[in-house]
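I opened the file today to look up strand pairing and ring contacts. My notes are below the structure.

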Amino acid sequence: MTSPTLELTPIATIDSPFKSRFGIPRQSGLVPDAIGWIAPHAPWHRAEAWAGIEQYTHLWLIWQVHDRPHQPVSSVRPPRLGGNARLGVFATRSPARPNPLGLSLVRLLAVEHHAGRVRIRVGGLDLLDGTPIIDIKPHIAFTDCPADSHSGFAQNEPERLRVDWSTLPSGEAPRLTDHQRLVITQTLSLDPRPAFHDDPERVYGCPLFEFDVQFRVENGTLFVLGLNPLP
């Protein structure tokens, strides 16, 4: 039997502090202060499409993996398992899926209205800037958070690195707002490096906000080295 082609049209785009795949949290909510804006497309930008959404605290975002999507595979090596063990793709949240779709749970912070258009402020993002949003649905606690659920190998939050800002040149620190520094700290503490990388001399760059944040990791501590402006 031949399956029909399914056509999906994005209903919005996300404005996010994450400017590259590298560094994006592997799950939503791990960087709670990663705040962005959902900008609905016409005709979904009108207020009637969003009437009543303020009564919810969280939203499900169904989105397109649009930036160099992975080719679909049947098994993957989850970073949470050190990149050494293979699991079936449907037992993970790997982006290398049969269809380039992602699912994120975000906190609803505000719904704003400007000149007849709606804009939605959300927190806890794990989406690349410019990601197309396919659909949005409210989170329902009594069905979406069953008391007897088990999360397999991801039962607990990942361990975090200590982030040391003392290595950042003093002249660069004032370029950051307090909020930017907080989000960068939360993001880098999750250790964005590939699971098999453990070179204390290697310098990495993580694009966040308008900066390429330079860092290295040694003995469980991440040292922030510099803030290069993004082009």
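These entries go from the strands to the rings.

**Entry 1: the model.** I am working from a predicted model. I keep that in mind for every entry.

**Entry 2: strand β11.** I began with β11, residues 211–218. Is this strand mostly covered or mostly open? I find it mostly covered, with six of its eight residues buried.

**Entry 3: the β10 side.** Next I looked up the pairing with β10, residues 204–208. β10 and β11 run antiparallel, joined by five bridges.

**Entry 4: the β12 side.** How many bridges join β11 to β12? I get eight, and the two strands run antiparallel. β12 covers residues 221–229. I checked Arg216 and found it opposite Phe223 in β12. This hairpin also has two residues between its strands. Here Asn219 takes the positive phi, near 50 degrees.

**Entry 5: aromatic pairs.** I then searched the whole structure for aromatic pairs and got three. One of them is Phe22 with Tyr204: the ring centres are 6.3 Å apart and the planes are at 15 degrees, so I log the pair as stacked. Where do the two residues lie? Phe22 is in the loop between β1 (12–15) and β2 (35–40), while Tyr204 is in strand β10. The pair therefore ties together parts that are 182 residues apart in sequence.

Entry 6: I looked up accessibility for both. Phe22 counts as partly exposed because its relative accessibility is 24%, and the cut-off for buried is under 20%. Tyr204 has a relative accessible area of 6%, so I log it as buried.

Entry 7: Tyr204 and Phe215 are both buried. I record Phe22, Tyr204 and Phe215 as one aromatic cluster.

**Entry 8: a charge over a ring.** Last, I looked up Trp37. Which residue puts its charged end over this ring? It is Arg119, with the charged end 3.7 Å from the ring centre.

Terms used
Residues numbered from 1 in each chain as written. Predicted model: local features only at pLDDT ≥ 70, side-chain atom pairs only at ≥ 80, totals over all residues. Heavy atoms only, no water. Buried < 20%, exposed > 50% of the residue type's maximum accessible area, 1.4 Å probe, protein only. Helix = DSSP H or I, 4+ residues; strand = E, 2+ residues; numbered from the N terminus. Pairing = 2+ DSSP bridges. Phe/Tyr/Trp six-rings, centres within 6.5 Å; stacked < 30°, edge-to-face > 60°. Lys NZ or Arg CZ within 6 Å of the ring centre and 35° of its normal.
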